[in-house]
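Hello,

Here is the structure I promised to pass on to you. Please have a look at it alongside the notes below.

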Amino acid sequence: MKNIIIGTALFLLPLYSYAELNVVSEFLVGKTENKIHSTIKNEILEDYSASLKSDSFAFRLGVNFTENFTFELAKHKHGDTVNNFTISVPTFYPDPNGTIYLPPESDTVYEANIAIDLESIRIGIKGQIELFENASINTRIGFAHWKYDKFTPLQLTYVGAAPGSEESGNDVYYAIGAEYKFTDNFYLGFEYSFFTINERSEDKSLVSGSYEHDVKDLSLVLGWAF
């Protein structure tokens with residue numbers, strides 16, 4: 001997906017040379033709400049849920065094909081959320097009649113501090129309608145190529161697992177927003193965007209797990225039209 005995004009951008013560059021197309025650049029700064037739910041299925045079902053906020057930043061380029069439609073390419077940094085929690089691992093010993101687990105007071109307790117760091121590259125279309133002079137509302141839809149840094153949310157319930165370094169995938173994103181144009185070139189706006197990551201994985205130890213990560217960004221948009 002990442003190669004498709006880059007290829008599409010390179011394909012559109014010659015069009016800008018031969019057509020009267022307007023280019024806009026935007027810087028976004030705001031907050032990301034990360035709703036995470038992770039589940040590991042083994043002999044004892046374990047799960048973890050959290051809703052944490054992080055700082056978000058983005059840079060976006062757009063090409064206006066008409067007054068109402070813009071093709072866009074963006075890089076979003078959703079920041080990292082540090083998940084602090086404890087995990088209790090039951091103590092057990094084998095028995096001819098089946099595994100015997102000791103009482104909870106015999107559990108081994110681990111303190112975990114795991115940071116979930118996420119970024120995405122987005123390609124999509126923006127539709128815009130003017131409400132009144134200099135003010136407009138917009139909506140966006142496209143594909144987000146997301147990538148985790150060191151850990152995926154699955155690590156929150158499977159601390160013993162190997163880090164899923166730079167695990168990535170693709171999902172559809174949506175956004176709504178509004179803008180106000182102060183000059184012919186400069187405008188300000190706000191935007192609310194979201195997408196959801198749903199992944200399932202298995203390893204050789206026959207332990208299966210899944211996680212869901214809702215990524216919701218509320219951003220201030222600073223734009224400049226060339």
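What follows is a short tour, from the whole chain down to single residues.

This is a predicted model, so local features need pLDDT of at least 70 and side-chain atom pairs count only at pLDDT 80 or more, while totals for chains, interfaces and linings use all residues. Residues are numbered from 1 along each chain as its sequence is written, and side-chain values use heavy atoms, with hydrogens and water left out.

Helices (H or I, at least four residues) and strands (E, at least two) are DSSP runs, numbered from the N terminus. Of the 226 residues, 39% count as buried; buried means under 20% relative accessible area, exposed over 50%, and partly exposed in between (1.4 Å probe, protein chains only). Among contacts (heavy atoms within 4.5 Å) with a separation of 6 or more, 66% join residues 24 or more positions apart.

Now the interior. A nonpolar core is a set of buried Ala, Val, Leu, Ile, Met, Phe, Trp, Tyr and Cys residues joined through side-chain atoms within 4.5 Å. The largest one has 19 residues, of which Leu118, Trp146, Tyr148, Phe195 and Ile197 touch the most other members. Strands S2 (46–64), S6 (108–132), S7 (135–148), S9 (186–202) and S10 (208–225) each give two or more residues to this core, and S6 has the largest share, with four. Beyond its neighbours within four places in sequence, Trp146 is in contact with residues including Leu118, Phe195, Ile197 and Tyr211.

One last stop: Phe194 sits in strand S9 and is partly exposed, because its relative accessible area is 33%.

Best wishes
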